[in-house]
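Visitor: I would like to go through the terms used for this structure and ask what stands behind each of them. Please start wherever you like.

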Amino acid sequence: MGKRKLYKADLIEMNERRKEGATLRELSKAYGVRKEIVKYQLRLMELHGYAILRESNNRKYPKEIKEQAVKEVLEEKHSIGRTALKYGLPSKSMLSRWIVNYEENDGNLIEKRRGRPRTQLENTAEKGLKKIP
């Protein structure tokens, strides 16, 4: 089954269909995602309500929140799924990526720059310098 993007309206509809008695398998087929994803999203809405659903795809989490979540998994031995739900993360894989980042960088979370890389011209213009050929 291919991975499909679930939008806010899809998730709300999925939750309503589940309340009406649809099975995880039926919802999985209807929305083109794995049962585990359906189950996670339903649980997320159950814990946090519809307010947790986002209109946009890009949400930035503070470094402190990331570190706290990672430490709960690594030090307190909480499950990734339980911790991701607690913090309202859109997927368990997001927390998994934070853990890998933390472990690869010797206990530090490295924040990746967002957006396109700056050009040399933009960097020099910001400093008020002329570009040297």
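Guide: Start with K77, which sits in the loop between α4 and α5. Keep in mind that the model is predicted.

Visitor: Why is K77 called exposed?

Guide: The relative accessible area of K77 is 66%. Exposed means over 50%, so K77 counts as exposed.

Visitor: What is the phi of K77?

Guide: K77 has a positive phi of about 60°, although K77 is not a glycine. D106 is not a glycine either, and its phi is positive, about 50°.

Visitor: Where is D106, and how do you know whether D106 is buried or exposed?

Guide: D106 is found in the loop between α6 and α7, the latter covering residues 120-126. With a relative accessible area of 72% against a limit of over 50%, D106 is therefore exposed.

Visitor: What makes T83 a buried residue?

Guide: T83 has a relative accessible area of 1%. Buried means under 20%, so T83 is buried. T83 belongs to helix α5, residues 80-86. Leaving aside neighbours within four places in sequence, T83 is in contact with A69, E72, V73, H78 and L95.

Visitor: Why are α1 and α3 called roughly perpendicular?

Guide: Two packed helices are described by the angle between their axes and the distance between the axes. Helix α1 (residues 8-19) and helix α3 (residues 35-48) pack at about 90°, and their axes are 10 Å apart. Roughly perpendicular covers 65 to 115 degrees, so α1 and α3 are roughly perpendicular to each other.

Visitor: Which residues make that contact?

Guide: From α1 come L11, I12, M14, N15 and R18, and from α3 come V38, Q41, L42 and M45. By class, the contact of α1 with α3 has six nonpolar, two polar and one charged residues.

Visitor: Why is the pair of Y61 and W98 called edge-to-face?

Guide: The ring centres of Y61 and W98 are 5.5 Å apart and the planes stand at 65°. Centres within 6.5 Å make a pair, and planes over 60 degrees apart count as edge-to-face, so this pair is edge-to-face. Y61 is in the loop between α3 and α4 and W98 is in helix α6, 37 residues apart, so the pair links distant parts of the chain.

Visitor: What makes Y61 and W98 count as buried?

Guide: Y61 has 9% relative accessibility, and W98 has 9% as well. Buried means under 20%, so Y61 counts as buried and W98 counts as buried.

Visitor: What does W98 touch?

Guide: Not counting residues up to four places away in sequence, W98 touches Y61, K66, A69, V70, L89 and L109. In the largest nonpolar core, which has 28 residues, M14, L27, L89, L95 and W98 touch the most other members. Helices α1, α2, α3, α4, α5 and α6 each supply at least two residues of this core.

Conventions:
Residues are numbered from 1 along each chain as its sequence is written. This is a predicted model: local features need pLDDT of at least 70, side-chain atom pairs count only at pLDDT 80 or more; totals for chains, interfaces and linings use all residues. Side-chain values use heavy atoms; hydrogens and water are left out. Helices (H or I, at least four residues) and strands (E, at least two) are DSSP runs, numbered from the N terminus. Buried means under 20% relative accessible area, exposed over 50%, partly exposed in between (1.4 Å probe, protein chains only). Contact means heavy atoms within 4.5 Å. Axes are lines fitted to C-alpha atoms, for helices over the stretch in contact, and angles run from 0 to 180 degrees between N-to-C directions. Angles under 35 degrees count as roughly parallel, over 145 as roughly antiparallel, 65 to 115 as roughly perpendicular and the rest as oblique. Ala, Val, Leu, Ile, Met, Phe, Trp, Tyr, Cys and Pro count as nonpolar, Asp, Glu, Lys and Arg as charged, and the others, Gly among them, as polar. A nonpolar core is a set of buried Ala, Val, Leu, Ile, Met, Phe, Trp, Tyr and Cys residues joined through side-chain atoms within 4.5 Å. Rings of Phe, Tyr and Trp (its six-membered ring) pair if their centres lie within 6.5 Å; planes under 30 degrees apart count as stacked, over 60 as edge-to-face and the rest as tilted.
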